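Student: Please take a close look at the backbone geometry in the loops of this model. I would like a connected account of it.

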Amino acid sequence: MVEHRKPIPVTEAVERVINKAQALGIESVALHDSYGRILAEPIKASHDVPPFNRSPYDGFAIRSADSAGASGDTRVQFEVIDHIGAGAVSGKTVEKQQAVRIMTGAPLPAGTDAVVMFEQTVDSGETFTIRKPFEPLENVSLQGEDMKEGDAVIESGSFIHPGTIAVLATFGYAQVEVAKRPVVGILSTGTELLDVSEPLVPGKIRNSNGPMIAAQLARMGIGCKTYGMSADELDESFNIVKQASEETDVLITTGGVSVGDFDFLPAIYERLEAEVLFNKVAMRPGSVTTVAVANGKFLFGLSGNPSACFTGFELLVRPAILKMMGADKLYLPRTRAVLAEDFTKANPFTRFIRASYDGSSIRPAGFNMSNAVSSIARGNALIVLPGGTRGYQAGASVDVLLLGVEEGASEWTL
Ligand SMILES: Nc1nc2c(c(=O)[nH]1)N[C@H]1C(S)=C(S)[C@@H](COP(=O)(O)OP(=O)(O)OC[C@H]3O[C@@H](n4cnc5c(N)ncnc54)[C@H](O)[C@@H]3O)O[C@H]1N2
Ligand code: MOO
């Protein structure tokens, strides 16, 4: 008898998965290993940045009051009494009409409150003259102008990117508290699958889903265990899935999840006595995406069809893993864009179309069936067309989810 599955809305599927996903705790890593991790502590400024008033230019530090009256006609002269570069502190106190030759980054000497750039001086040597007056604090980089001691600078849960690392280094974090990452496994099921290095033979295709998912994980800062490929054979697949699920927090399988005679994932979930969160989602591609939990381990049954597999990962696996990683932003950033060409197909389920987005308009990235590989390569975004709609014309405003934006992403709210 053919199994009938009840589709649930994609937002409901996301919610069910998110409700099951638990953060895995905290560990300490060296700063240079922290790129791509999720910060597990809030970062407060432990001192002012910059920590002292400093020169933002190469020039001369003066007392601004001494420059009063300087003009094109009336030059004002200064005597140079010291010379410092960044890292040095002048021991001198600057008196009337005196100056210190100062390089970018050096602290302002006692008594001075302005900096004259070399380009603003005439005849510079032991003495120099200027042709304009300077305001107090003119050309001075002020202590604390960037960050003040005690400022909340970065929130816990943020993705650690190069800018985060610059802040952490500034405040002396040689070690950083980060969220633990889940151990994720990938198993590609299908008797038809060949390894990437194998020659094509009749009836077979190369496994593109496994390497694609590994890369989708990599751009989230997650490595993976690869369980290779298994044939569509129940006992063999069951044994691999059972062992892999024991060795991982999240096992992602592709293929074998629909209602075909050789689709064994549903039977495997049953044998594992897994709790199936859903086995049909009102989305296309990826309607067969199934998520189950067995012994506290996630089993993501993604479709074998490449575009469906890709989309199921981005919409359902990615937020679950981000929650396990302790991230504060779980969803793909969402925006609106103008459709660049007609899309007249009906959308019985919410449709996610691989598309290329140029910042204002968006164009479907070619062949858009769930078995497409080419459009995944060409797309950098997904157009979202709600279920029950059809007949979108060029010029229509549509919802768009941006792909590959792992840093500083805003949220796609449910
Ligand atoms: N009677 C029905 N048939 C199908 C239904 C349905 O509701 N009733 N759903 C269709 C939909 S929608 C999809 S999507 C597919 C999904 O099937 P599976 O997820 O079980 O995947 P497979 O049948 O194993 O493979 C589908 C397709 O993808 C190719 N494939 C598989 N693995 C890979 C891989 N690692 N790399 C590249 N390509 C892969 C495979 O050869 C098939 O062509 O079911 C429909 N059928
Ligand atoms: O699961 Mo299928 O991808 O809806 O075409």
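Tutor: With 14 other C-beta atoms within 10 Å, Leu137 counts as partly exposed, a class lying between buried (20 or more other C-beta atoms within 10 Å of its own) and exposed (12 or fewer), with C-beta atoms placed from the backbone. This is a predicted model, in which local features need pLDDT of at least 70, side-chain atom pairs count only at pLDDT 80 or more, and totals for chains, interfaces and linings use all residues. Residues are numbered from 1 along each chain as its sequence is written, while chains are lettered from A and ligands numbered from 1 in the order in which they are written.

Leu137 has a positive phi of about 70° although it is not a glycine. Its place is the loop between strand 8 (127-130) and strand 9 (152-154), strands being DSSP runs of E, at least two residues, numbered from the N terminus. Gln97, also not a glycine, has a positive phi near 60° and belongs to the loop between strand 4 (76-84) and strand 5 (98-102). Gln97 is partly exposed because it has 14 C-beta neighbours inside 10 Å. Most residues other than glycine have a negative phi, and most peptide bonds are trans.

The bond from Val49 to Pro50 is cis, with omega near -5°; Pro50 lies in the loop between strand 2 (43-44) and strand 3 (59-62). The bond from Arg284 to Pro285 is cis, with omega near 0°, and Pro285 lies in the loop between strand 17 (283-284) and strand 18 (290-294). Arg284 and Pro285 are among the residues around ligand 2, meaning that their C-beta atoms, placed from the backbone, lie within 6 Å of it.

Methods: Helix = DSSP H or I, 4+ residues; strand = E, 2+ residues; numbered from the N terminus.
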